[in-house]
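Please keep the model open while you read.

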Amino acid sequence: MTDALAPPARYAALALEGADARTFLNGQCTQSILDLPSGEPVPTAVLTPQGRVLVFGWVRAVEDGLRFAVSADLVEPLHAHLKHG
């Protein structure tokens, strides 16, 4: 049985875990992450400090944080941006 919320094969999910995950990502996305309903993937874009779109994807709240599904080739740039953001 497949997980209905799992991203398609051309996408990969980046996990953001911990108590501050929502606060951290909220200031960098076009979608309000603080009030994100649990379990439902929501479309959003991650922005650069200059307001340019870095990646578009879907963010989903899970018990231990967030999962951000993006095109598989953008996972590393997104991870690098968030790591230094």
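Q28 lies in the loop between α1 (21-26) and β2 (42-47). Helices (H or I, at least four residues) and strands (E, at least two) are DSSP runs, numbered from the N terminus. This is a predicted model: local features need pLDDT of at least 70, side-chain atom pairs count only at pLDDT 80 or more, and totals for chains, interfaces and linings use all residues. Residues are numbered from 1 along each chain as its sequence is written, and side-chain values use heavy atoms, with hydrogens and water left out.

- Q28 is buried, at a relative accessible area of 12%. Buried means under 20% relative accessible area, exposed over 50%, partly exposed in between (1.4 Å probe, protein chains only).
- The Q28 side chain makes a polar contact with the H81 side chain, at 3.1 Å. Such a contact is a pair of N or O atoms within 3.5 Å; within protein, one must be able to donate a hydrogen and the other to accept it, and residues adjacent in sequence count only if both atoms are side-chain atoms.
- Beyond four places in sequence, Q28 touches A45, V46, L47, H81 and L82. Contact means heavy atoms within 4.5 Å.

- β2 and β3 run antiparallel, joined by six bridges. Strands pair if DSSP finds at least two bridges between them.
- L47 stands opposite V53 in β3.
- Five residues lie between the strands, and G51 takes a positive phi near 90°.

**G57 in β3**

- G57 sits in strand β3 (residues 53-62). G57 is buried, with a relative accessible area of 0%.
- Leaving aside neighbours within four places in sequence, G57 contacts V42, P43, T44, F68, A69 and V70.
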